[in-house]
Amino acid sequence: MNTLISHTPIWAKLKTHQQYIAQQHLRDLFALDPKRFDKFSIEAEGFLLDYSKNYITDETVNLLLELANKVQLEESINRLFSGEKVNNTEQRAALHTALRNRSNTPIKVDGKDVMPEINKVLVKMQQFTEQVRNAEWRGYTGKPIESIVNIGIGGSDLGPAMVTKALTAYHHPRLKAYFVSNVDATHLSNTLATLDPETTLFIIASKTFTTQETLLNAHSARSWLVKHLGNEQAVAKHFVAISTAKQKVIEFGINPINMFEFWDWVGGRYSLWSAIGLPIAVMIGMDKFEELLDGAHKLDQHFKNTDLANNLPTLFALLEVWYSSFFGIKTQAVLPYDYSLELFPAYLQQLAMESLGKRVTREGRNIDYSTCPIIWGSAGNNGQHAFYQLLHQGTQLIPADFIIAIDSQNDLNGHQDAVLSNALAQAHALMMGRTANETQLEAHKLKQEDKHLEQLINQIPHRVFPGDQPSNSLVYQKLTPSILGKLIALYEHKVFVESVCWNINPFDQWGVELGKQVANMLLPALSSPMDTNINLGVDSSTLGLLKYISKN
């Protein structure tokens, strides 16, 4: 696109429309149109998306769909699924959708169908997971595996950790899963302190087998194992690798038969569907892992084949474009009212912010509009007693996604009704608020309960809630592997739609590299006595900190 999207007529129309709609209160929009829920909600693929509590009218939705057509969204969706090199800066396809292509229709990269290789790895994963789960895989001393430790970082950690935690109800009763990502020795040390080396299996997830944090943790885990079991040969019985670097894997002591491959058209934050999902498959079984893949595939088909006006990821994404680029919001809250999704906001932070945290277009031009907001949040009920105060009475506009399970994975009498009532109440209260008049009426009501009226009247400014905070509610029956697969794919495609609207590449992450390069440059200065006259090419603050730390 030669012209920045912000310089087009549709962008100007949306800016003008925003000035009008921003003057409306959400409660007034509901008063004007009591059927907003019917008009602005959609049910598909096991989800109900209620987006009626947003600053939108029919005109808003039509303008946003016009924007989607202007940026040729449907053409971009077809390019994504067909294996074109949509990652233009690295000249790669982005075919995480192929990893869950349950229809098995051919998908080609550089003229070669990738499905046979994908299916080959899935078969290998199934054989391995069955061995571990059936106690056929034995450690060096002959004992079956009981603990699975995944060592990775970024996409090799966040996705598998989130899914494994979310599907705890499906875990094998003998097995426990651990995820180590932080290079701070405390993370690995605390994990190892709880484990029996004779029954522990490590999964090392590193495509190149050179990732600094992952390899440092892997070598420390290796040393711990050899120290306790007394023989280097034990490594082959207690380590497997997810990598493409066969020689480095062999040098580490891992049998190459136990190396699971993936491909350069799989981005890290989109990789849980590949062999990176091995710890998930071990814990829940390959049949349930395939249900996860199947759910994602069904959402893929919905995204690819459904018209934009009824397309879940598209509607979801256009709303965030609306708020970020036209209202200038800085943050977006994700509030799962399903404790199994406790790690989901953290997972979405990487998915969204590593994908959309860009300041230039695909062609390298500087952007003059707001793009990705900061994604944050936590399990909803816990957040109510922490940061919801700011949502209700703070000074910022913060849209929120309420993710709501009708049924919990665990049924205790009365618990789920409490969860649901809180979720619905919070979304309502954030939108409606409470006026000064309503607060005064509440004060007189409390007076009848022997409360001190004067004190209550003085509290009115503090007890007023502006409301007018927009939100989406995404509701599903119960978090199964299939529903979780759909949920993740929904947000993946949401991010893709946003990237098309903003004309940025969501599949590279050059911003991750600079810090790594500087860290590698500074590491030798911390590993040996520092020459105080050395020129490291860093600022005086960094140099001063380095000298102080090195000295101490």
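Predicted model: local features only at pLDDT ≥ 70, side-chain atom pairs only at ≥ 80, totals over all residues.
Residues are numbered from 1 along each chain as its sequence is written, and side-chain values use heavy atoms, with hydrogens and water left out.

Let me start with empty space. Rolling a probe the size of a water molecule over the atoms shows where empty space is left. The search runs on a 1 Å grid over the protein atoms alone: a cavity is a set of points where a 1.4 Å probe fits but cannot get out, a pocket is an open set with protein on both sides within 12 Å along at least five of seven lines, and lining residues have an atom within 4 Å of a point. Grid points are joined across faces, edges and corners, and a volume is the space filled by probe spheres set on the points.

The largest pocket holds about 930 Å³ of space, and of the 36 residues that line this pocket, T211, G268, Q509, E513 and K516 lie nearest its centre. Two or more lining residues are given by each of α10 (212-229), α16 (344-356) and α24 (511-527), with α24 giving the largest share, three residues. Helices here are DSSP runs of H or I with at least four residues, strands are runs of E with at least two, and both are numbered from the N terminus. By class, the lining has twelve nonpolar, 15 polar and nine charged residues, where Ala, Val, Leu, Ile, Met, Phe, Trp, Tyr, Cys and Pro count as nonpolar, Asp, Glu, Lys and Arg as charged, and the others, Gly among them, as polar.

The second largest pocket has about 450 Å³ of space, and among its 20 lining residues D338, Y339, S408, Q416 and V419 are the closest to the centre.

In sequence L312 and E43 are 269 residues apart, yet from C-alpha to C-alpha they are 8.7 Å apart in space.

Finally, we come to the outside. I549, in helix α25, counts as exposed because its relative accessibility is 52%. Together with L526, L545 and Y548, I549 makes a nonpolar surface patch of about 450 Å², and helix α25 (residues 540-551) gives the largest share of this patch, three residues. Patches are made of residues with over 30% relative accessible area and no salt bridge, with like charges joined within 9 Å and nonpolar side chains (Val, Leu, Ile, Met, Phe, Trp, Tyr) within 5 Å; a salt bridge is a side-chain nitrogen of Lys or Arg within 4 Å of a carboxyl oxygen of Asp or Glu. The accessible areas come from the Shrake-Rupley method with a 1.4 Å probe, and for residues, only the protein chains shown count as cover.

Conventions: Buried < 20%, exposed > 50% of the residue type's maximum accessible area, 1.4 Å probe, protein only.
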